[in-house]
Amino acid sequence: METVETDVLVVGSGPAGAATALALSTYGVPNVMVTRYGSLADTPRAHITNQRTMEVLRDLGVEDQITAQATPQPLMGNTVFCTSLAGEELGRLRSWGNDPLVQAAHELASPSRMCDMPQHLMEPVLVNAAVSRGTALRFHTEYLSHEQSDDGVTVLVEDRLRGDTYRVRARYLVGADGGRSRVVENAGLPTVGRMGVAGSLNIVFEADLTDLTAHRPSTLYWVLAPGATVGGIGAGLVRCVRPWTEWMVVWGYDLEAGPPDLTEEFARSVVHRLLGDDTIPVRITSTSAWTVNHLYAETYADRRVLCAGDAVHRHPPSNGLGSNTSVQDAYNLAWKLKLVLDGTAAPALLDSYSAERAPVGRQIVERANRSIGETAPVFEALGVLATSDTEQMWRNVDARKAATPEGAKQRQGLREAIAAKVYEFNAHGVEMNQRYVSDAIVPDGTPDPGFGRDPELYHQPTTRPGAKLPHAWVVRGRDRLSTLDLGGHGRFTLFTGIGGDCWEEAAAAARKELGVELVTVSIGPGQEYEDPYGDWARLREIGDCGALLTRPDNHIGFRHPETSPHAGELLIGALRKILGHG
Ligand code: FDA
């Protein structure tokens, strides 16, 4: 049997696999990506692309391509609650960074803007860039099994076109094979939770809905109609794929009864029910049944097998975290693989992948599932859950218009229930506040003050080791750059300022002793980069002559508040720890 050799075999070409391959190829690591089918995602699937993911894609050099194709943030902005698109509107929530206060927070938090990039458009960008930088991609190729030895993994794959099998011998295997991951199963990764919590249908269709939507532009229109609480993701959903002509409906079904027969006639009837107007011409383009899952892996790795994406965190689309978390897993993993493969780091560095990402996976699985439950108070406030009689339901919904104390109470309840959905539609903290704790982070010994504000709603930048480098605009000559642009690029970066000469010398010593790629950046008046607004000085939490070390993923690995006669020792010690050398 033939054996193909590579450094990293990536199974899956979804957001997790494609981003892993892209980052590996960007960093010059030989890799092969195999995928079971003959094409990339052929339906819109995930779409909300948050700022942290856009920062990752910016560092990987594809942000502009994504932005050029995505629906821009301002058009995502109103989450509408209605009885149907043509029916009565019950309320709106400014969402996805479009509330003026949250908008300011987004502007301050990142050089990148959130956008709506459907998965069938995102995957080709990631995969094309990966292939153009060196990834060997094999369609129609299915992972079957693997065996590990001390120096590698031997993977059996099937060429589904030819119908034969061959072996791939890789130093590492990345299982990015989605929610039914066979790699996770074969690796025996322990999981918590369960699959199949509720049944849901996706119906993708074309229809010109400009008249019903363009005046209240949104990515999501929630339909609170009788039957909408059965299964599904909390309510009926009409999701914009392309404004305002391509759409997807999400509608629940009773899991015990099994998925309905997804005939075109059935699909059209569901769509028309949510649109509230069956005269609107609708062209159904695809249908699928899926289940809401609530499951996460407790550890993402078994020796040389590392898993990412839905393979290790399976949850509903609420909060739009699926592909975002998958891309961010990849970004955390790829630089570690590079440094272990080229011998700069010890294999122990890879232990930090699971230590850092598994808590994030658990958090987003729990957040997304909780968000489904948080739609029930909206139904309750409307009186929809109080009766099974449809006529009575509509009377209850109408009761909120009465000039009575009960009517006022109902109106107040509805406003509050809709406002509480901010945890699903404007959870900037969930998207941006990841703070890692692992052996690849060197604590600075100061007590952790925790989050001053709600960590799910508010992004709170800090330079505490483990946090993401805060964004500030700095300038070099006439160019404006984000601090995040100075870090990243697959290498370590040491930030310092006026009086930080000892750190520049320490960096030179570290490069020499550890062979690590490490650049230094000095910010301040007369330095290579200047801080004209003073933003960086306000955010950096160290003195001018202190130092911040960022890892290739722009998370802070080490900081020191000021100059030090032991700078070389401190920096080399920190890097040795991060690199798994002790
Ligand atoms: P993903 O499932 O995208 O990719 C897995 C990859 O592995 C695929 O390329 C597949 O071909 C490959 N593969 C699987 N088994 C293999 C094997 N044995 N050998 C080789 N290759 C193999 N999210 C959201 O936020 N909003 C939404 O509306 C939806 N809707 C939606 C609909 C449907 C039908 C699905 C399946 C999923 C969604 N999602 C979603 C979830 C979202 O798509 C998901 O979170 C991300 O795609 C996860 O990315 P991954 O790369 O981890 O898995």
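How many of the residues of strand E5 (residues 78-82) are buried? In this predicted model, where local features need pLDDT of at least 70, side-chain atom pairs count only at pLDDT 80 or more, and totals for chains, interfaces and linings use all residues, the answer is five of five, and E5 is mostly covered. Residue numbers start from 1 along each chain, following the sequence as written. A residue counts as buried if 20 or more other C-beta atoms lie within 10 Å of its own, as exposed if 12 or fewer do, and as partly exposed in between, with C-beta atoms placed from the backbone. Strands (E, at least two residues) and helices (H or I, at least four) are DSSP runs numbered from the N terminus.

The cover over E5 extends to both faces: Asn78, Val80 and Cys82 are buried on one side, and Thr79 and Phe81 are buried on the other. Pairing, which requires that DSSP finds at least two bridges between two strands, links E5 to strand E6 (residues 89-94) in the antiparallel sense over five bridges. These two strands form a hairpin with six residues between them. E5 also runs parallel to strand E13 (residues 220-223), to which three bridges join it. Phe81 takes part in both pairings, with Gly91 as its bridge partner in E6 and Trp222 as its bridge partner in E13.

Val223 lies in E13 and is buried, with 25 other C-beta atoms within 10 Å. Leaving aside residues up to four places away in sequence, Val223 touches Cys82, Thr83, Ser84, Ala228, Ala235, Gly236, Val238 and Leu274; contact here means C-beta atoms, placed from the backbone, within 7 Å.

Eight strands make up an open sheet of mixed pairing, in the order E6-E5-E13-E14-E15-E12-E16-E19. E6 and strand E19 (313-314) stand at the edges with a single partner strand each, so one side of each has no neighbour in the sheet. Helix H13 (residues 405-419) packs on this sheet and touches E5 and E6, its direction making about 40° with that of E6. Such angles run from 0 to 180 degrees between N-to-C directions, and axes are lines fitted to C-alpha atoms, for helices over the stretch in contact. Elsewhere in the sheet, strand E12 (residues 191-206) and E16 run antiparallel and are joined by 13 bridges; Arg194 has His294 of E16 as its bridge partner.

E16 leads on to the ligand. Helix H1 (15-26), strand E9 (141-149), strand E16 (283-297) and helix H9 (322-341) each contribute at least two residues to the shell around the ligand. There are 33 residues around the ligand, of which Gly12, Gly14, Gly178, Gly309 and Gly322 come nearest; a residue is near if its C-beta atom, placed from the backbone, lies within 6 Å of the molecule. By class, the shell has eleven nonpolar, 16 polar and six charged residues, where Ala, Val, Leu, Ile, Met, Phe, Trp, Tyr, Cys and Pro count as nonpolar, Asp, Glu, Lys and Arg as charged, and the others, Gly among them, as polar.

H9 has a helical partner too. H9 and helix H10 (residues 351-373) pack at an angle of about 175°, with their axes 10 Å apart. H9 is therefore roughly antiparallel to H10, a label for angles over 145 degrees, while those under 35 count as roughly parallel, 65 to 115 as roughly perpendicular and the rest as oblique. The contact involves Thr325, Asp329, Asn332, Leu333 and Lys336 from H9, and Ser352, Tyr353, Glu356, Arg357, Val360, Gly361 and Ile364 from H10. Four of the residues in this contact are nonpolar, four polar and four charged.

Strands E3, E7 and E4 form an open sheet in the order E3-E7-E4, with antiparallel pairing; strand E3 (48-49) and strand E4 (71-72) are its edge strands. Pro72 has Cys115 of E7 as its bridge partner. Strand E24 (residues 547-550) runs antiparallel to E25 and is joined to that strand by four bridges. Their hairpin has five residues between the strands, and Asn554 in the turn has a positive phi of about 65°. Strand E25 (residues 556-560) is largely enclosed by the rest of the structure, because five of its five residues are buried.

Notes. Two residues are in contact if their C-beta atoms, placed from the backbone, lie within 7 Å.
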